[in-house]
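Please walk through this model one region at a time, with the sequence alongside. The paragraphs below take up a single side chain, then strand pairing, then confidence.

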Amino acid sequence: MLRQNDGNEMSDTRVAAIAAHQLTKCFHAVRAVDGVSFEVRDGEVFGFLGPNGAGKTTTINMLTGLARPTSGSLRILGHDVTRNIKKAQHWMGIVPDESNLYPELDGWENLCFCASLYGIRRREREARARELLEQFGLASVARRRFAAYSKGMKRKLTIAAGIIHRPRILFLDEPTTGIDVASAREIRQRLAGLNQSGTTIFLTTHYIEEAERLCHRIAFLVDGRLVRVDTLANLVQAVQDKHTVELSASGGLRRMRDPLRNAFPAGDFEELSETRMRVHTDRPLPLAPLIRLLEEHEIQVTEARLIRPSLEDVFLEITGLELARMKNDDNRPETKSM
Amino acid sequence: MNGCIAYWGILRKDMRSYYLKPPNISWGLIFPLAWTLMFFIRSETAVDIRSLLPGVMALSILFGTTSMLAVTVTFEKRGRSFERLLLAPISLELLMWAKTSGAVFFGAVNAFVPVVMAAFLADLSGVIWWQLIVAVTLVAISSTFLGLLIAVCVKEVFEAQTFSNFFRFPMVFLCGLFFPIDQLPGPLQPLAYLLPLTYGADLLHEAVQSTGRLPVAVNLAALVGFCLLLFLVSLHRIRQKWIR
Ligand SMILES: Nc1ncnc2c1ncn2[C@@H]1O[C@H](COP(=O)(O)OP(=O)(O)OP(=O)(O)O)[C@@H](O)[C@H]1O
Ligand SMILES: [Mg+2]
């Protein structure tokens, strides 16, 4: 069921940044993550997408040492850390889904403290804190208590704290959730910059656009199971084979459903309203006969627009199919669980 | 070296965020002062003051340490900032020692408030100072670790504080601070020997006026044993519950 594509544009001689094999996490009866295997290559941005409750945060927690896998194995930069992840934590930077710095410390103190946890000496951590506050546009609020930061400032400082020790792998759990458009874009630019300078990034997000902009490869997680891992290009290609044209007309499109279906059996007609309709086909559809038919019925076509498939379509298709399949499985008596 | 920097970073942060905050300092000073005055004013002679000193010192440590962990550990766990520490590349042992050593230091400093006062009111010659310092340190460590165990077993800060009182007040009476254990009702006596403070108080009595009941070596061994046990059980609990 899992399709995994390696997207051979990258060399495979480098050791994987993360290699997870059959990772599973159970919370009592709940299998939050269920036998997940994937590899994140050194230097790539790897997106981890899935609906709420799919197990993304739980997976990050296992990869970083905040949760112990129930079973499975894990290698970080070539080291087996299934039993003891402490030695790998030095290479990791973690930005959790909630900004969890110290509310009573100011921005500067928070960064310096986080740097000290990674054994960075005073002079260097102060220089680094200054540099990051500057980079993230927080220099003017450096001496303000974290508790008094706005949500966007908190997020930026939390990301700065995650990279203060120059980690080789950066984990980000929904870095831009709840952030205004401009700040989110700024954060994305920072992340792209970090990746360009060599940091491997593991990112979860609910923003398809974010994944589309940042990620080299994307994994889809549904209900604890990986259903697809592929490069962005391949993922979009799969739905690109479907062609969708949206027509706008003067009106009366609904009554055209049957005549159209009879005349163009290869098309799938979806009436959005009296004036808008979508046509889905597997092959490019000649529009002239279609428009002619409509005109014969005295409907003026005012616009015909090709709808480009987006990652969102891929996401909905993959997660939707998977959820539907699971529902079917659950309904079959022989697989019904107690 | 990395561990050292992390240790000092954590200790310094806790000192500044919690221990050296004005309310805590005044509380840390006023509390031992109040105990000291309350007991000392009632005693007319210098001998009395000396005999009360070990009990007052033990009280100061007990109240200066156990509930601190409710803040430095339980509170940070609730705010999720504790996760940062668990994700840092330092061992859990070092991390928890860093989180507790502030309380140990604070408790030990509190213990010397009554000593300084007593020095003005009574003759302290004959006190075995090295023993006193060792005793204070061990009592501070064991009380802190008791607080740690409570802090890692509860979810809410108020629970940690309630439970530490649940232990502290009985210990004041059971551990031989102000009257000897053999004056306790029979069935309570074995209970006293299950509490680390009993051995600590005995060491303090021995150091201040040579009235310890158990051999010094037994007291030291028992205290070290309690410290290790409390610390290891607390770490085990963190590994089981907090690294899920
Ligand atoms: N500590 C826990 N105890 C019990 N169940 C848990 C625990 N943590 C997570 N779960 C369950 O595991 C599943 C996956 O949760 P997780 O937080 O990993 O999802 P997610 O993909 O990060 O979702 P979201 O997009 O909402 O953040 C959920 O069903 C959740 O209820
Ligand atoms: Mg999540």
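D106(A) counts as buried, because its relative accessibility is 6% and buried means under 20% relative accessible area, exposed over 50% and partly exposed in between, with a 1.4 Å probe and protein chains only. The model is a predicted one, in which local features need pLDDT of at least 70 and side-chain atom pairs count only at pLDDT 80 or more, while totals for chains, interfaces and linings use all residues. Side-chain values use heavy atoms, with hydrogens and water left out; residues are numbered from 1 along each chain as its sequence is written, and chains are lettered from A and ligands numbered from 1 in the order in which they are written.

D106(A) lies in the loop between β7 and α2 (107–117) of chain A. Helices (H or I, at least four residues) and strands (E, at least two) are DSSP runs, numbered from the N terminus. Two backbone nitrogens are reached by the side chain of D106(A): that of E109(A) at 2.7 Å and that of W108(A) at 3.2 Å. Leaving aside residues up to four places away in sequence, D106(A) touches A142(A), R143(A), R144(A), R145(A) and F146(A), where contact means heavy atoms within 4.5 Å.

Strand β7 of chain A covers residues 92–95 and is buried on both faces, with M92(A) and I94(A) on one side and G93(A) and V95(A) on the other. Its partner is β8 (residues 169–173) of chain A, in the parallel sense over 4 bridges; two strands pair if DSSP finds at least two bridges between them. Within this pairing, G93(A) stands opposite L170(A).

An open sheet of 4 strands in chain A runs in the order β13-β14-β12-β15, with antiparallel pairing. β13 (268–271) and β15 (301–307) of chain A are at the edges with a single partner strand each, so one side of each has no neighbour in the sheet. From one strand to the next, the twist averages 20°, with axes being lines fitted to C-alpha atoms and angles running from 0 to 180 degrees between N-to-C directions. β12 (residues 243–249) and β14 (residues 276–281) of chain A are joined by 6 bridges, and one of the bridge pairs is H243(A) with T281(A).

The average pLDDT of chain A is 87, and 89% of the residues score at least 70; pLDDT is the predictor's confidence in each residue, from 0 to 100. Residues 5–11 of chain A fall below 50, with 13 contacts beyond near neighbours in sequence. Residues 332–338 of chain A are also below 50, with 3 such contacts. Where pLDDT is low, the predicted coordinates should not be read in detail.

Terms used:
Polar contact = N/O pair within 3.5 Å; in protein donor to acceptor, adjacent residues only side chain to side chain.
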